[in-house]
Amino acid sequence: MDSKITEITAVQKENAMVDLSDISAVKGKYGEVYEIGTVVDEDDESEGRKISFYFRKPTVASFNRYLKTAGKNMAASTTAFVMDNIVDEQGDEFKKECEKYPGLALGLGTKLLSAIGLGDNVNFRKL
C-alpha cells in the first residue's frame, strides 16, 4: 500500500504547477530549461511587445517526431514540437498567443531547434 501512495505522490508532484518566477523551482521540475523570447510587432508604429516562454530540453523522441513530419507540413510540425517541449504552466498561454500571431511557433521553434544543435551556423571546409 505504501508504494502505491508513493507513486501517487510522485505523479502529483510531477503534475503540480510551478511558480515560473522561481527559476530554481522550474529547473527542479523540468531539469534543463531554456527561456526563449521574441518581440512581436503589430505594425511599424508600435514598439512591439516582448513575450517569452520556458521550454524543457527536447528529448530525442520529440526531435524524431518533428523530423518525421517536418517534410509534410513545417508549420504544424514545428508547432507540435514547441508544444511538446513548452513547460506545462505556459501551454495554454502559448496557444492563445499563436492564435493571435500564427508565425510565433515557427520563430520560437527554430530557436529551440538551434539549442539542441540544429542550426544554420555550421562551418564546412574542403581539406
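How are α5 and α6 oriented to each other? The model is predicted, with local features needing pLDDT of at least 70, side-chain atom pairs counting only at pLDDT 80 or more, and totals for chains, interfaces and linings using all residues. Residues are numbered from 1 along each chain as its sequence is written, and side-chain values use heavy atoms, with hydrogens and water left out.

**View 1. Helices α5 and α6 are oblique to each other.** The axes of α5 (residues 91-100) and α6 (residues 104-115) come within 8 Å and cross at roughly 125°. Here F94, E97 and C98 of α5 meet L104, A105 and L108 of α6. Sorted by class, this contact has five nonpolar, no polar and one charged residues. A few terms for this view: helices (H or I, at least four residues) and strands (E, at least two) are DSSP runs, numbered from the N terminus. Axes are lines fitted to C-alpha atoms, for helices over the stretch in contact, with angles from 0 to 180 degrees between N-to-C directions. Angles under 35 degrees are roughly parallel, over 145 roughly antiparallel, 65 to 115 roughly perpendicular, and the rest oblique. Contact means heavy atoms within 4.5 Å.

**View 2. The largest pocket has a volume of about 150 Å³.** Y66, M74, T78, T110, K111, L113, S114, L118, G119 and D120 line this pocket. Both α4 (74-85) and α6 supply at least two lining residues, and α6 gives the most, with four. The lining has four nonpolar, four polar and two charged residues. On a 1 Å grid over the protein atoms alone, a pocket is an open set of points where a 1.4 Å probe fits, with protein on both sides within 12 Å along at least five of seven lines; lining residues have an atom within 4 Å of a point.

**View 3. I36 is a buried residue of strand β1 (residues 33-40).** Its relative accessibility is 6%, where buried means under 20% (1.4 Å probe, protein chains only). Leaving aside residues up to four places away in sequence, I36 touches I51, S52, F53, F55, L108, K111 and L112. The C-alpha atoms of I36 and I51 are separated by 8.6 Å, with the two residues 15 apart along the chain.

**View 4. S62 sits in helix α3 (residues 60-70).** S62 is buried, at a relative accessible area of 2%. Beyond residues up to four places away in sequence, S62 touches F81, D84 and N85.

Notes:
Buried < 20%, exposed > 50% of the residue type's maximum accessible area, 1.4 Å probe, protein only. Nonpolar A, V, L, I, M, F, W, Y, C, P; charged D, E, K, R; others polar. Points joined across faces, edges and corners; volume = space filled by probe spheres on them.
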